Amino acid sequence: MTIRVAVVGGGPAGSSAAEVLASSGIETYIFERKLDNAKPCGGAIPLCMVSEFDLPPEIIDRRVRKMKMISPSNIEVNIGQTLKDDEYIGMCRREVLDGFMRERAAKLGANLINGTVYQLDIPNNDKEAYTLHYADHSNGTAQGEMKTLKVDLVIGADGANSRIAKAIDAGDYNYAIAFQERIRLPEDKMAYYEDLAEMYVGNDVSPDFYAWVFPKYDHVAVGTGTMKVNKAMIKDLQAGIRQRAAKRLEGGEIIKVEAHPIPEHPRPRRVVGRVALVGDAAGTVTKSSGEGIYFAAKSARMCAEVIVETSNNGQKVPSEADLKTYLKRWDKQYGTTYLVLDILQRVFYRSDATREAFVEMCADIDVQKITFDSYLYKTVVPANPLVQMKITAKTIGSLLRGNALAP
C-alpha cells in the first residue's frame with residue numbers, strides 16, 4: 001500500500017512534483033482547473049531548464065541570443081555577445097510548456113483531474129487523512145460535479161492566489177502585478193525580434209521593475225510589472241511601454257490581454273503539517289529579474305524528491321519535520337541568489353538616475369558574462385580576483401554617477 005499525494009495546480013511546479021512522485025510509484029493526483037490555461041507570463045526559461053527538465057526543442061518558440069537593455073533616456077545597450085553558439089534563453093508560450101509537462105506527468109502515472117479544489121479539510125492529528133473538496137469538470141460543465149478525495153499529503157502548486165496556502169494559514173505576502181499584451185506584428189517587424197528580446201527601464205514603464213518585449217512563435221509579448229497594485233497606474237505603465245517601443249510595434253494587432261499577480265517574497269510558512277507549498281504559492285519568484293518558471297519547477301521537484309526519500313518510495317507517511325527538509329535544502333541552495341537580486345532591485349530600480357547607472361553597467365563584457373552564466377546555469381560562477389575588482393569598481397562608479405549611493 002503506497003501513500004496518496006494530491007498536487008493542486010498543473011503548471012510547471014505541479015507537473016514537476018507529480019512527475020517525480022508518479023515515477024517513484026507513489027499514488028499521485030494532479031488537479032488543474034483549466035487544461036488549456038495560458039498564464040500571463042514573459043515565458044523566458046534558462047538553458048539549464050531545457051536539459052534538466054528534458055524539454056523537447058519543439059516547445060521552445062524562440063532562442064534568444066541577443067538582448068537590448070534600454071535606459072529611461074532610451075540609451076540602448078546590446079548584451080549577449082558573451083554567449084556561445086549553443087547558448088540561448090528559451091522563449092515559450094505557457095499553454096504549450098504547461099500542457100507538455102502536465103501530459104508527461106500523466107503518462108508517467110499521475111492521475112490528472114480537470115477540477116477546481118475549493119476546500120481542504122485539515123485533520124485533527126498526524127494519522128488522519130486530508131480531505132479535498134473539488135468540482136470535477138470532466139463532464140464539460142463550468143460548475144462541474146462536486147467530489148471529495150482523501151490523501152496523506154498535499155502539495156500546493158496553485159499559484160499566487162493559492163487556496164491551499166489559505167487553508168493552512170501560510171500567511172500573506174506582498175505581490176506585484178504583471179500586465180501583458182500579446183501583439184501580432186507584420187513580418188518585417190517580427191523579423192527584427194527573431195532572436196532578440198528587449199527590457200526597458202524607467203518610471204514611465206515601471207516605478208519598481210521593468211517592462212519587456214519578448215518574442216514568441218508568431219507574436220511578441222509586451223508587458224510591464226509593478227508592486228504598486230493600482231489599475232489606473234498599470235494602464236498608464238502599459239501605455240508607457242507601448243510608446244517607448246512604438247516604432248518597432250507599428251502595424252501590430254493585439255491578440256490577447258492578460259494580467260496576473262506575482263509574489264514578491266516567500267510566504268511566512270511554506271510547510272504546515274503534511275502540506276507543502278511550491279512555486280508561486282510558496283513565493284519562489286526572484287526579485288530584480290522576476291523569474292519564476294524555473295524556480296517553480298525546481299522547488300516542486302525538490303519537494304517531491306524529499307517526499308520520495310522520506311517516505312521510502314511511498315511506504316510510510318512523511319512528517320512535517322521530513323517535509324521541512326525540502327525548505328532547508330532550497331534555502332541553502334538558493335538563499336544567496338534571492339538576497340543578491342533583492343539588493344539589486346532595491347539599489348538600481350530606485351530612480352531613473354539609478355536605472356541609467358544600471359544600464360551603463362550592463363555594457364561591461366565581464367558584467368554580461370557573469371550575469372548570463374548565473375542566469376543560464378543557475379550557478380554564480382566566481383570571476384577571477386582582477387575581474388571581480390574591475391566589476392566592483394565599475395559598479396561603484398556607475399552608482400556614484402547615478403546618485404544611487406545617496407540615502
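Tyr334 has a relative accessibility of 3% and therefore counts as buried, where buried means under 20% relative accessible area, exposed over 50% and partly exposed in between, with a 1.4 Å probe and protein chains only. The model is predicted, so that local features need pLDDT of at least 70 and side-chain atom pairs count only at pLDDT 80 or more, while totals for chains, interfaces and linings use all residues. Residues are numbered from 1 along each chain as its sequence is written, and side-chain values use heavy atoms, with hydrogens and water left out.

Helices (H or I, at least four residues) and strands (E, at least two) are DSSP runs numbered from the N terminus. Trp330 is likewise buried, at a relative accessible area of 4%.

The whole structure contains 14 aromatic pairs. Rings of Phe, Tyr and Trp (its six-membered ring) pair if their centres lie within 6.5 Å; planes under 30 degrees apart count as stacked, over 60 as edge-to-face and the rest as tilted. In the pair of Tyr294 and Phe295, the ring centres are 5.6 Å apart and the planes stand at 75 degrees, so the arrangement is edge-to-face. Trp330 and Tyr334 form a tilted pair, with 4.6 Å from centre to centre and 50 degrees between the planes. Both Tyr294 and Phe295 are buried.

The C-alpha atoms of Ile343 and Lys287 are 8.5 Å apart in space, although the two residues are 56 apart in sequence.

Two loop residues extend the picture. Thr82 occupies the loop between strand 6 (76-79) and strand 7 (89-91), and its relative accessible area of 19% makes it buried. Apart from neighbours within four places in sequence, Thr82 is in contact with Glu87, Ile365, Gln368, Lys369 and Phe372, where contact means heavy atoms within 4.5 Å. Between Thr82 and Val347 there are 25 Å from C-alpha to C-alpha, at a sequence separation of 265 residues. Lys247 lies in the loop between helix 6 (231-244) and strand 16 (253-263), and is exposed at 71% relative accessibility. A distance of 9.2 Å separates its C-alpha atom from that of Lys189, 58 residues away along the chain.

At the level of the chain, the secondary structure comprises twelve helices and 18 strands. The radius of gyration is 22 Å, close to the 22 Å that the globule rule gives for 407 residues, so the chain is as compact as a globular protein of that length. This radius is taken over C-alpha atoms, and the globule rule is 2.2 Å times the number of residues to the power 0.38. Along the principal axes, the C-alpha atoms fill a box of roughly 65 × 50 × 40 Å. Of the 407 residues, 57% are buried. Among contacts with a separation of 6 or more, 72% join residues 24 or more positions apart.
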